[in-house]
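The stops below are given in the order in which to select them.

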Amino acid sequence: MVNKKYQEFYLETSKEQLDKLSDLIMLWENNPRKKTLMEKILMLIHSLKGSSATMGYKKTNILFHTMEDLVDSVYREDLRITKGIVDVFFNILKALKNNLN
């Protein structure tokens, strides 16, 4: 069982990080090749992935890991960012935010 104090802290910080990630992805959609932007996105997703793992939220951790892999593939230029990928990211973020409430 997760300590309530830590759970509340996780929920609070995750909401803030998801909002920031949403803003970054919006910028990324208009600047799909900007490496510094992708680095910020990767760091934020990595942080969310780590905190979800610490809390024992396995499905959320897997989701962040998958997002991280996608962004990394675009960063390494193995994959091109598309509107479809951006839309999926926004849908994931929306679902995660709703789940935190």
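A salt bridge here is a side-chain nitrogen of Lys or Arg within 4 Å of a carboxyl oxygen of Asp or Glu. The model is predicted, so local features need pLDDT of at least 70 and side-chain atom pairs count only at pLDDT 80 or more, while totals for chains, interfaces and linings use all residues. Residues are numbered from 1 along each chain as its sequence is written, and side-chain values use heavy atoms, with hydrogens and water left out.

Select Asp72, Arg76 and Asp78 to start: salt bridges link these residues in a network. Within it, the side chains of Asp72 and Arg76 meet at 2.8 Å, N to O. For accessibility, buried means under 20% relative accessible area, exposed over 50%, and partly exposed in between (1.4 Å probe, protein chains only). Asp72 is partly exposed at 27%, and Arg76 is partly exposed at 46%.

How many salt bridges does a search of the whole structure find? The search finds 6. Select Lys49 and Glu68 for another, with 2.5 Å from N to O. Lys49 lies in helix α2 (residues 35-55) and Glu68 in helix α3 (residues 58-75), so this pair ties together parts 19 residues apart in sequence. Helices are DSSP runs (H or I, at least four residues), numbered from the N terminus. Is Lys49 buried or exposed? Lys49 is buried, at 13% relative accessible area, and Glu68 counts as buried at 11%.

Next, select Lys83 and Asp87, a salt bridge whose closest N and O atoms are 3.2 Å apart. Both are in helix α4, 4 residues apart, which means a separation of about one helical turn. Lys83 is exposed at 54%, whereas Asp87 is partly exposed at 32%.

Now turn to the rings. Rings of Phe, Tyr and Trp (its six-membered ring) pair if their centres lie within 6.5 Å; planes under 30 degrees apart count as stacked, over 60 as edge-to-face and the rest as tilted. The count comes to 2 aromatic pairs. Select Trp28 and Phe89: the ring centres are 6.2 Å apart and the planes are at 40 degrees, so this pair is tilted. Trp28 belongs to helix α1 and Phe89 to helix α4 (residues 83-100), so the pair ties together parts 61 residues apart in sequence. Both Trp28 and Phe89 are buried.

Last, select Ser14, in helix α1 (residues 4-30). Ser14 counts as buried at 1% relative accessibility.

Key: Helices (H or I, at least four residues) and strands (E, at least two) are DSSP runs, numbered from the N terminus.
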